[in-house]
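Welcome, and thanks for taking a look at this one with us. Below is a short briefing to read alongside the sequence and the model.

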Amino acid sequence: MSTAVAGRGLEGIVAANSGICWIDGEAGILSYRGIDIHELAVHSTFEETTYLLWNGRLPSEAELTEFTAQLAKSRVLDPAIITLLKSFPATATPMEVLRTAVSALSMYDADEKDNLHDANVRKSFRLTSQVGMIVAIYDRLRKGLNVVEPDPALNHAANFLWMLNGEKPSETASKTLDVALILHADHELNASTFAARVIAATLSDIHSAVTGAIGALKGPLHGGANEAVMRLLFEIDKQGADPVAFVSAMLAAKKKISGFGHRVYKTEDPRATHLRSMSEQLSKDSGVTRWYDWSRQIELYVNAQKGLNANVDFYSASTYTTLGIDVDLFTPIFAVSRIAGWAAHVIEQLDDNRLIRPRAEYIGPAYPAPYVAVEERG
Ligand code: COA
């Protein structure tokens with residue numbers, strides 16, 4: 001058997017067949033089930049996009065109504081999960097809490113032991129609704145606020161903002177979040193989705209796969225980058241620094257600028273196009289212009305200096321901040337959306353499963369290395 005080494009970080013390696021998401025990194029095209037992300041961002045909703053990801057086609061009106069109702073009905077958390085959320089130390093971050101709570105959800109799921117297709121779809125409905133609930137409820141609990149009951153009349157995005165803030169969101173806020181959720185819902189074999197598929201392929205369960213995926217998403221090279229972008233903007237603000245000079249010094253020190261670069265896109269990330277324009281619009285509407293303005297200045301500079309493009313995380317930072325969302329909720333909100341893609345990939349993996357078990361090119365001491373008795377080791 002050949003053991004040719006893959007590119008570092010598996011760059012360029014095609015590791016699965018999938019009918020869910022197609023990306024052309026050279027042309028900057030992203031599509032879900034063949035439909036261009038620009039079409040979905042303008043015309044779809046998170047619910048419809050999730051249906052598309054799970055079922056391979058757009059729903060009829062009746063199917064969409066039924067699907068939306070099913071998601072709303074799934075907004076039920078076992079009281080034991082609320083008790084668990086109350087038990088975490090004050091130092092717990094929302095991402096750690098989400099990872100742990102999602103793991104715990106399986107113990108309260110009626111389909112826990114059933115790994116067949118229909119059970120995984122049922123679990124996917126519950127997980128999709130409950131990830132959002134956990135993020136919103138934990139944020140209120142840590143602030144000493146009451147838990148807000150879900151509102152079945154609201155869509156996924158609006159219900160999340162309602163449960164987070166305890167007040168009905170504006171049209172603009174729910175629409176902005178809904179579009180952000182569409183844009184984040186899937187992205188082929190990104191690190192967290194690949195992790196989810198690897199876990200699912202052992203015939204473990206969807207909760208384990210999603211728990212692992214959340215762990216992968218948390219890292220600053222993946223979903224954690226949106227929080228890092230905002231912390232950078234806050235630091236510029238705190239120091240009263242010039243954004244371009246600040247970033248220029250970082251580049252000179254060989255530091256990476258979060259929110260730039262991508263393994264697959266060699267041109268503009270099509271998701272950034274929408275997030276940039278939403279960030280700009282919110283900045284005009286709110287009168288708080290510095291986050292967008294500084295982001296734009298940084299983007300133009302980094303692009304000119306390094307040829308790097310803003311990715312999905314760059315403008316989600318200023319977008320979410322202008323919506324009044326706390327920084328450490330940014331990556332959890334990525335998960336509130338990406339759960340749709342993780343579920344689609346786990347279901348697809350299990351519908352035609354084979355264990356995912358690659359090989360490593362061995363670069364350790366030559367075989368056979370001698371076993372030296374402990375008293376004879378130097
Ligand atoms: N800032 C500055 N330089 C960057 C950079 C960034 N954000 N992203 C990549 N580069 C540079 C690297 O330093 C490297 O330069 P070199 O060849 O001179 O050493 C080159 O571009 C290739 O980068 P590399 O890290 O090898 O690319 P990758 O495909 O392994 O990584 C990312 C892709 C996304 C992890 C990387 O671009 C990155 O770390 N970005 C910041 C984190 C981020 O925004 N993540 C969210 C991704 S959606």
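R33 sits in the loop that links strand 2 (29-32) to strand 3 (35-36). Phi of R33 is positive, near 50°, and R33 is not a glycine. Please keep in mind that this is a predicted model.

**Backbone features**

- R33 counts as partly exposed, because its relative accessibility is 26%, a value between the 20% limit for buried and the 50% limit for exposed.
- L10 is another non-glycine residue with a positive phi, here about 55°.
- You will find L10 in the segment before strand 1 (21-24), and at 44% relative accessibility L10 counts as partly exposed.
- Where is there a cis peptide bond? One joins Y367 and P368, with omega at about 0°.
- P368 belongs to the segment that comes after helix 16 (330-351).

**Helix 2 and what follows**

- Why is helix 2 (residues 46-55) described as largely enclosed by the rest of the structure? Of its 10 residues, 9 are buried, so the description follows from that count.
- The buried residues of helix 2 are F46, E47, E48, T49, T50, Y51, L52, L53 and W54.
- G56 follows helix 2 and has a positive phi, near 85°.
- A157 itself is found in helix 7 (residues 156-165). With a relative accessible area of 0%, A157 is buried.
- G223 is placed in the loop between helix 10 (206-217) and helix 11, and its relative accessible area of 0% makes G223 buried.

**The ligand and its shell**

- How many residues surround the ligand? There are 17, and the closest are K256, I257, G259, F260 and R263.
- By residue type, the shell around the ligand divides into 7 nonpolar, 6 polar and 4 charged residues.
- Which pocket does the ligand take up? The space taken by the ligand is the largest pocket.
- K256 places a polar side-chain atom 2.5 Å from an oxygen atom of the ligand.
- For F260 the backbone is involved: one of its N or O atoms lies 2.9 Å from a nitrogen atom of the ligand.
- N311 has a side-chain N or O atom 3.0 Å from an oxygen atom of the ligand.
- The ligand exposes 850 Å² when taken alone, and the protein buries 63% of that.

- V198 is found in helix 9 (residues 191-200) and is partly exposed, with a relative accessible area of 27%.
- From V198 to G219 there are 21 residues along the chain, and the C-alpha atoms of the two are separated by 18 Å.
- A241 lies in the loop that runs between helix 11 (225-239) and helix 12 (243-252).
- Is A241 buried or partly exposed? A241 counts as partly exposed, because its relative accessibility is 22% and buried means under 20%.
- A241 and W294 are 53 residues apart along the chain, while 11 Å separates their C-alpha atoms.
- R276 is part of helix 13 (residues 270-286), and at 14% relative accessibility this arginine counts as buried.
- What does the side chain of R276 make a polar contact with? Its partner is the side chain of E268, at 2.9 Å.

Notes:
Residues numbered from 1 in each chain as written. Predicted model: local features only at pLDDT ≥ 70, side-chain atom pairs only at ≥ 80, totals over all residues. Heavy atoms only, no water. Near = heavy atom within 4 Å. Polar contact = N/O pair within 3.5 Å; in protein donor to acceptor, adjacent residues only side chain to side chain. Areas by Shrake-Rupley, 256 points an atom, 1.4 Å probe, with all protein chains shown as cover. 1 Å grid on protein atoms, 1.4 Å probe; cavity = no way out; pocket = protein on both sides within 12 Å on 5 of 7 lines; lining within 4 Å. Sits in = over half its atoms within 2 Å of the grid points. Nonpolar A, V, L, I, M, F, W, Y, C, P; charged D, E, K, R; others polar. Buried < 20%, exposed > 50% of the residue type's maximum accessible area, 1.4 Å probe, protein only. Helix = DSSP H or I, 4+ residues; strand = E, 2+ residues; numbered from the N terminus.
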